[in-house]
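Student: I have the model open and a few things to ask about it. Can we go through it piece by piece?

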Amino acid sequence: MSQSSVIEPRSCCMTFNAGIKNLNTVRGYFKEFVIYADKKKSDCNAKSPKTYDNNLRRARSWFGIYNIHEGKTRGVKNYFFSVDCRDIEHNPLYTMYKMHNVNDNTICFYFCLLDIMRDVQRPMTLSEIIEAWWAHIAPLSQSEAMSVIDERTLRNKLKSFEETGILRTQKTGNKYYYSLNNNEIDLESWRDALHFFSETAPLGVVGSYLLDRLNRGDYAEEPRSPEPSAIEMPFSFKHLYIHHALDFEIVEQIFEAIKEHRIIHIKNDKRSHVSSQNILPLKIYLSARGGRQYVLALNCDANKPAMYRMDRIEKITFKSVAKNYNELKKIILEFEKNQWGVSIDHFPMTEHIEMTLQTSTDDLYILQRLEHEKRIGTVIKLSETRYKYVADVYSAHEMMPWIRTFMGYIAELTSSNPIVEQKFNDELKDYFKLYGVNDDI
Amino acid sequence: MIFDELYSVYYDVAARVLKKLTSCDNINKNDLIELISKYSEAENDGYICEKLLGGSWNLIDRNDNISISHFPVQPLTTLERRWLKTLLNDPRIRLFDIATDGLDNVEPLWTADDYRVFDTSGTSDPWEDQNYINHFKCILRAIKKGLDLEVEWASREGYTCVSVCRPKLLEYALLDDKFRLLAFAGEKEITINVARITRCRTCQSDAYWIEFPADLDADLPDANTRLTSQNQRQQAAKLGGEVSNDNTVTFIIHDIDNAYERVLLDFAVYQKQDLQKLDHKRYKFTLCYDKANFNELIIRLLAYGPKVQVLSPKLVVDKIVEHVKRQAELFRLTGSKL
């Protein structure tokens, strides 16, 4: 490497490390920046003003080209993320997952191990690996610092690499032999799929990790060259709720618990209070309209099914395997028969609802919308411009937001839950007051 | 685990630097510092420079000794393989020409039984229809290669429309599980449901045009009013256009039944402009919206009933009032309530 006058790196603070050890320390702050736009430093229950400032600094750095907007409420500043989701090519919150703090010894050992394995091209024992590693780093001037690392620590590091799937081990006699797992995947062929699914599939940050590999070109000894492309990202996304990324750790653990049929202990933060429960997760539900994720689970303490918001689950501890999981899984099928949303308190009892829509021939798209959005309900044609929607759901009240969207076309609304009709009628009167509409129409 | 140092920017930058050092002979230290600055987060490049080039990571030291001799080839992790395996069960994977070798020995992370989007509008695109798949691949190829498209489609009213256009983006909408083609056709922008396309081929053209029946009210936006991504802004500027979003809506949230939190979650997909707390139960919220999605905005606002009180623009207020008045009149006529 040639020497010339050395330029300084971009940042002026050489010692600032933006890395994080624990996602939960930043999750709360980022939820405030991305979703709730009016939170100020004093509202965030920050351990110290410096913690808030550090996280704001991280947000500004990680969100890059996307804006952290500065607002003011009664003279006090507040900060929020301000971008139309269709302008987002890659979820900026994925950067959070790429800021895991690094152990100096682990990163050294990792890259040296890759090099050693490539040199030797055969399975190696721990002692052979250690000897080869020392040979690699000995020429470096600061290698003496590594002399304190013992065999047990290195064995643990190899074990962690095995757990991530980079290494495999085989036992011959009483010795363990380590070798690298092969990369047989033609990752280049996945490029477009990765661009799409990294923003739309659960745990999409894994797609982002794979795109990083593609862009580095280090996933294979002879990686395929990308096709020349006029545009890097051919997709844009409507209804992209980036804040889902804040819950990926929880989602990953829930999927694991479902796979293993495992009961988990959760710490549930409901803003007004924190509760702990033992639950058996059964299925994850995502709302495309409201941007929330839920897990349907059996509350083992109360022995009844319940829905839990993923963004409120703070911590998960794995417990025992449920013996009668396949029996309990049938709850899902039963629940989905009359599922409108996530209301499950009255399950399996249902409430009946009927809504008759009256349109004109110019507004037939309303009836089309009814047909598309009916979910478990039934649409009955009464005439060319008059249709009835009928459904039995666990909570007719939960349907109110959807019912309201047909405001102006509802000829009749009845339900076995009398609150629904009364509420709709009261809200119409409230509308008159809000907009100064004369109720003598 | 999904949060692991192996996926971190530190490993990413180290791998890039080591790859550079092992594959090029005459590397200037400034080149490495620039490489580190380019790929590390803005605040972190000094830290990474010190650790990587300063010797703390024992990969490179201050005397330019390197501890490795080959550029690093990093195997995929089990998490990465399992995530790819899971995608093989997604019906939309048929839209892409992927190689599936190498995924036999891993289990998917989840199955269709474990996960569901429960409130889409039930109008998914036909992911298994071969014509649809062919049209999608044709559009994708055209976008990536910068080619023009000749496309024929059926409008919502059933009319046949044809266009020669420059495709720019494939927009995916989770709410209706559909793709739409966003394209320039001369001075206009067109948006076409991919599922409505009947014919599609790439071409090279000197002129763009759209042909549709005279009695079809196709109020197409002028070019550059919809395509507002950061990169597209730059491209639009090159074409001589300018993209702006002057359409804002301001409303008061009356925080009853947790409306404040629900509104902020629901409208998180919009660009926020301002949010102020008026008192302990009321918030004033301003956000930007796209004229082309005006109806969707109205639907979202109506869903909250009188908990959301629109202040401006007059266009939106008038639309809400129109719905309210029509509803009151309908109830009076039918004798339902009020």
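Student: Leu84(B) first. Buried or exposed?

Tutor: Buried: the relative accessible area of Leu84(B) is 0%. Keep in mind that this is a predicted model.

Student: Which element does Leu84(B) sit in?

Tutor: Leu84(B) belongs to helix α4 of chain B, residues 78-87.

Student: And what does Leu84(B) touch, leaving out residues up to four places away in sequence?

Tutor: From chain A, Leu84(B) touches Ile185(A), Leu187(A), Trp190(A), Leu194(A) and Leu210(A). From chain B, Leu84(B) touches Leu76(B) and Leu103(B).

Student: What is the C-alpha separation between Leu84(B) and Leu103(B)?

Tutor: The two C-alpha atoms are 7.8 Å apart, and the residues are 19 positions apart along the chain.

Student: Staying in chain B, how many residues of helix α7 are buried?

Tutor: Seven of eight, so the helix, residues 259-266, is mostly covered. The buried residues of α7(B) are Ala259(B), Tyr260(B), Glu261(B), Val263(B), Leu264(B), Leu265(B) and Asp266(B).

Student: What do those buried residues pack against?

Tutor: In chain A, the buried residues of α7(B) pack against β9, residues 304-309. In chain B, they pack against β8 (248-254), β9 (271-279), β10 (282-288), α8 (294-302) and β11 (308-312).

Student: Is Asn258(B) buried or partly exposed?

Tutor: Partly exposed, with a relative accessible area of 37%.

Student: What about His239(A), what phi does that one have?

Tutor: His239(A) is not a glycine either, and its phi is positive at about 60°. His239(A) is in the loop between β5 (235-238) and α9 (248-260) of chain A.

Student: Buried or exposed, for His239(A)?

Tutor: His239(A) is buried, with a relative accessible area of 5%.

Student: Next, peptide bonds. Where is there a cis bond in chain A?

Tutor: The bond from Phe347(A) to Pro348(A) is cis, with omega near 5°. Pro348(A) is in the loop between α10 (325-337) and β11 (351-358) of chain A.

Student: And which residues does a cis bond join in chain B?

Tutor: A cis bond joins Ser312(B) and Pro313(B), with omega about 0°. The loop holding Pro313(B) runs between β11 and α9 (314-334) of chain B.

Student: New topic, helix packing in chain A. How do α4 and α6 cross?

Tutor: The axes of α4(A), residues 104-120, and α6(A), residues 151-164, come within 11 Å and cross at roughly 65°. The two helices are therefore roughly perpendicular to each other. The crossing of α4(A) and α6(A) is right-handed.

Student: Which residues make that contact?

Tutor: On α4(A), the contact is made by Asn105(A), Thr106(A), Phe109(A), Tyr110(A) and Leu113(A). On α6(A), the contact is made by Leu154(A), Lys157(A), Leu158(A) and Phe161(A). By class, the contact of α4(A) with α6(A) has six nonpolar, two polar and one charged residues.

Student: And what about α5(A) and α6(A), at what angle do those cross?

Tutor: Helix α5(A), residues 126-137, crosses α6(A) at roughly 105°, with the axes coming within 11 Å. α5(A) and α6(A) are therefore roughly perpendicular too. The α5(A) side of the contact has Leu126(A), Ile129(A), Ile130(A) and Trp133(A), and the α6(A) side has Glu151(A), Leu154(A), Arg155(A) and Leu158(A).

Student: How do those residues divide by class?

Tutor: Six are nonpolar, none is polar and two are charged.

Student: Last, the totals. How many helices and strands does each chain have?

Tutor: Chain A has 13 helices and 14 strands. Chain B has nine helices and 11 strands.

Methods:
Residues are numbered from 1 along each chain as its sequence is written. Chains are lettered from A and ligands numbered from 1 in the order in which they are written. This is a predicted model: local features need pLDDT of at least 70, side-chain atom pairs count only at pLDDT 80 or more; totals for chains, interfaces and linings use all residues. Side-chain values use heavy atoms; hydrogens and water are left out. Helices (H or I, at least four residues) and strands (E, at least two) are DSSP runs, numbered from the N terminus. Axes are lines fitted to C-alpha atoms, for helices over the stretch in contact, and angles run from 0 to 180 degrees between N-to-C directions. Angles under 35 degrees count as roughly parallel, over 145 as roughly antiparallel, 65 to 115 as roughly perpendicular and the rest as oblique. A crossing is left-handed if the near helix is turned anticlockwise from the far one by less than a right angle, and right-handed if clockwise. Contact means heavy atoms within 4.5 Å. Ala, Val, Leu, Ile, Met, Phe, Trp, Tyr, Cys and Pro count as nonpolar, Asp, Glu, Lys and Arg as charged, and the others, Gly among them, as polar. Buried means under 20% relative accessible area, exposed over 50%, partly exposed in between (1.4 Å probe, protein chains only).
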